[in-house]
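The following exercises are to be worked with the sequence and the coordinates at hand. Each task is followed by a solution in steps.

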Amino acid sequence: MTHHKFLVSAAALALPLSPAFAQQGEPVQNRETKDDFHNDDMIIVTAPYIDQLDILAGTSALSGEELTENLRGQLGDSLTSLPGVSSTSFAPGSSRPVLRGFQGPRVKVLTDGIGSLDASNTSVDHAVTIDPLTAQRIEVLRGPAVLLFGGDAIGGAVNVIDKRIPRDIPDEAIHVDAIGGYGSAAEDWSIAGSVDAPLSSKLVLHLDGSFRDTSDVRIPGFVVAPGLRDELLEEAAEEFEEGEVEEAAEIREAANERGRITNSASRTQTAGAGIAFIDDGGNLGVSVSYYDTNYGVPARPGVGHHHGEEGEEEGEEEGEEEEGPVTIDLEQIRVDLRGGVNIGGFFESLNFRAGYSDYTHTEFEGDEVGTVFSVSGIEARAELVQAERNGWRGVIGTQIVARDFNAVGAEAFVPKNSLESWALFTVQEIDLGDFEIEGAARFEQTDIAANSINFDRSFNSVSGAIGLAYSPGDEALKIGANLSRSERAPSAEELLSNGPHIATQAFEIGNVNFTTEKSWGGELYARWESEDINLSATVYANMFDDYIFEAATGAEQDELPVFQFFQRDATYFGFEASASAKVAQISSFGIVVDGVADYVRAKIKNNGGPVSRIPPLRLLGGIEAQSPQFDLRAEVEWSDSQNRIAAFETATSGFTMVNASVAWRPLGADAGVTLLASANNIFDVNARRHASFTKDFVPLAGRDIRVSAKFSF
């Protein structure tokens with residue numbers, strides 16, 4: 001497929017923008033300093049035509065010092081302190097966010113409102129091509145209105161805002177932001193910086209870059225979980241009894257490995273440049289960026305790297321089983337465009353946003369090339385913003401996406417395919433004083449084709465949402481309810497998979513006859529925002545028709561268990577809550593306590609059992625002493641065990657981790673210099689995330705002492 005007709009359409013649309021939709025009143029502690037590198041002072045998160053998009057019913061964000069303290073190599077692992085968020089934690093070099101128990105194609109990962117345009121949603125071992133080091137702010141958007149970014153974003157969206165296309169012109173001749181840090185658990189060295197320089201009163205140039213280098217991650221105790229370790233030791237004993245002494249020793253060695261996760265090191269570097277024209281009539285900017293990473297994929301102990309290709313001799317197969325550690329070398333070159341024109345009249349402005357990506361990653365087995373994945377794509381959005389009239393405001397927009405995907409090699413479990421989609425959407429809000437009414441609607445058409453197997457299907461999906469919010473006169477309290485109907489076209493992987501997928505240790509089989517996945521969703525929420533207290537609580541439920549999921553069939557092919565995609569009805573329900581309250585003032589220190597709680601339960605109907613990889617109940621609580629120069633914090637995170645599992649899963653033990661941190665602003669709160677130190681997992685507990693495919697042999701890091709410094713001048 002070529003993208004020429006989509007490029008023509010994009011030009012006709014002026015290549016569209018999607019501002020980040022968020023809501024005010026989020027009870028997330030504000031610990032900002034006067035820097036631009038990780039500060040949202042210049043960012044208007046809420047769209048200018050919607051002051052409070054309450055239909056989201058829950059938006060969280062990380063910026064400033066909170067973002068710096070939580071920075072990890074991959075996006076998923078940087079967000080787990082937020083309510084309703086877990087992580088795939090496949091490996092330190094590859095981790096996507098899990099929102100309300102959803103992952104993969106049901107979670108959108110966005111850069112300033114458009115997709116990351118990588119292959120991270122096709123497999124859990126594929127990294128997200130967004131470096132958190134370069135982020136200015138990261139927003140987690142949940143609830144019905146996320147359908148503005150796509151009907152498939154049922155779980156929500158993660159929107160990363162950077163400065164590559166400048167939004168403002170600095171007051172000074174040159175503005176520099178920098179951050180550097182070290183983490184002990186993986187000998188994690190990182191550094192990033194950016195420069196913004198006005199070229200004229202209306203033109204500004206931006207340059208940025210980052211580098212991170214880590215070793216194998218240090219962990220407490222054994223690498224493998226107790227259940228898997230028992231299986232390995234039993235297998236070793238059987239091999240020994242059969243006279244396979246050498247093989248028994250290898251299996252026993254794998255079972256007893258401890259202290260470090262072998263082949264978990266990574267190295268990442270990025271660079272970006274952008275320029276923008278900004279004046280009262282509008283703005284126009286463009287950026288070019290480069291992302292490069294090389295990371296290890298930890299192997300499941302006791303499992304050979306089988307290809308099972310037909311026509312191979314048995315001896316050849318055996319000689320290829322242990323080719324060396326699997327590593328991924330990934331590169332992406334990306335071009336982005338953003339702009340807006342002030343119109344006047346019924347529509348006050350036209351905003352546009354577009355991105356083009358050329359992405360390639362190569363999976364190596366030792367020094368040998370295993371499989372090469374390539375993705376090229378374009379995504380564009382345009383939005384007409386309505387001027388406010390007597391409390392009525394809104395936006396009407398359109399979006400296009402075109403993507404070519406190809407995989408060449410022994411583990412190309414999905415054939416070469418192309419995707420084209422276009423959508424129309426709107427969101428409208430009416431302010432009636434104490435009441436607000438919001439509505440959103442989206443129509444989307446998706447075409448997926450794979451010429452090599454004569455596959456070509458088109459899916460039409462219609463999604464909508466309506467919400468009612470009530471806030472009494474003082475506006476401290478807001479309560480509301482939302483109802484949504486979302487529809488998702490099946491992904492290419494769900495339709496076309498047919499081959500060995502080593503990342504998940506499965507032979508995966510799709511179904512070309514799938515229909516769209518439909519979901520009815522409902523939410524009830526309450527929020528309280530005052531000077532010293534912020535509270536938020538949401539309960540939600542999703543009822544699915546034709547829910548797409550993967551399950552073991554009991555068969556085996558190419559020495560791997562066969563997992564097949566199925567469609568059945570399913571239900572999700574859960575809650576999220578967060579709180580922050582100033583409870584005392586001791587000298588110059590304000591004492592703040594905060595907490596997060598989340599839980600989700602999901603099942604396949606008609607005796608299908610629990611949905612797999614659903615995070616358990618989680619509680620996180622902290623206490624912090626805040627002053628202009630120092631912030632001192634201690635927190636405890638408790639995760640329950642997860643024993644409600646699918647037939648092919650293993651249970652996950654609960655854990656309790658204790659963390660502490662200090663932030664020091666030696667030159668004062670407004671000087672732009674902050675030094676941070678933290679001790680994470682202080683008591684060195686062995687912890688595993690149930691949402692991870694690799695949890696039984698990739699635990700979380702042990703005790704990790706981290707120091708960092710950030711500057712803005």
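**Exercise 1.** In which strand does E139 lie?

*Solution.* The model is a predicted one, in which local features need pLDDT of at least 70 and side-chain atom pairs count only at pLDDT 80 or more, while totals for chains, interfaces and linings use all residues. Residues are numbered from 1 along each chain as its sequence is written, and side-chain values use heavy atoms, with hydrogens and water left out.

Step 1. E139 belongs to strand β6, residues 137-141. Helices (H or I, at least four residues) and strands (E, at least two) are DSSP runs, numbered from the N terminus.

Step 2. The relative accessible area of E139 is 0%, so E139 is buried. Buried means under 20% relative accessible area, exposed over 50%, and partly exposed in between, with a 1.4 Å probe and protein chains only.

Step 3. The side chain of E139 makes a polar contact of 3.3 Å with that of R137. Such a contact is a pair of N or O atoms within 3.5 Å; within protein, one must be able to donate a hydrogen and the other to accept it, and residues adjacent in sequence count only if both atoms are side-chain atoms.

**Exercise 2.** Determine which residues of α3 are buried and which are exposed.

*Solution.* Step 1. Helix α3 runs over residues 226-241, 16 residues in number. From first C-alpha to last it reaches 23 Å, close to the 22 Å expected at 1.5 Å a residue; the expected span is 1.5 Å times one less than the number of residues.

Step 1. L228, R229, L232, A236 and E239 are buried in α3. They lie on the same side of α3 because they cover an arc of only 100° around the axis, the arc being that of the directions from the helix axis to the C-beta atoms.

Step 2. On the other side of α3, the exposed residues are P226, D230, E234 and E241.

Step 3. The buried residues of α3 pack against β11 (218-222) and α4 (245-255), where contact means heavy atoms within 4.5 Å.

Step 4. After α3 comes G243, with a positive phi near 90°.

**Exercise 3.** Carry out the corresponding analysis for α4.

*Solution.* Step 1. In α4, A248, I251, A254 and A255 are buried. Their arc, seen down the axis of α4, is within 125°, so these residues line one face of the helix.

Step 1. E246 and E253 are exposed on the face of α4 turned away from the buried side.

Step 2. The cover over the buried residues of α4 includes β11 and α3.

**Exercise 4.** Which residues have the most contacts inside the largest nonpolar core?

*Solution.* Step 1. A nonpolar core is a set of buried Ala, Val, Leu, Ile, Met, Phe, Trp, Tyr and Cys residues joined through side-chain atoms within 4.5 Å.

Step 1. The largest core has 34 residues, and those with the most contacts inside it are L75, L79, I138, V158, Y547 and Y572.

Step 2. At least two residues of this core come from each of β4 (107-111), β6, β7 (156-161), β26 (533-557), β27 (560-586) and β28 (589-604). The most, five residues, come from β26.

Step 3. Another core lies apart from this one; it has 32 residues, including V124, L330, I448 and F455.
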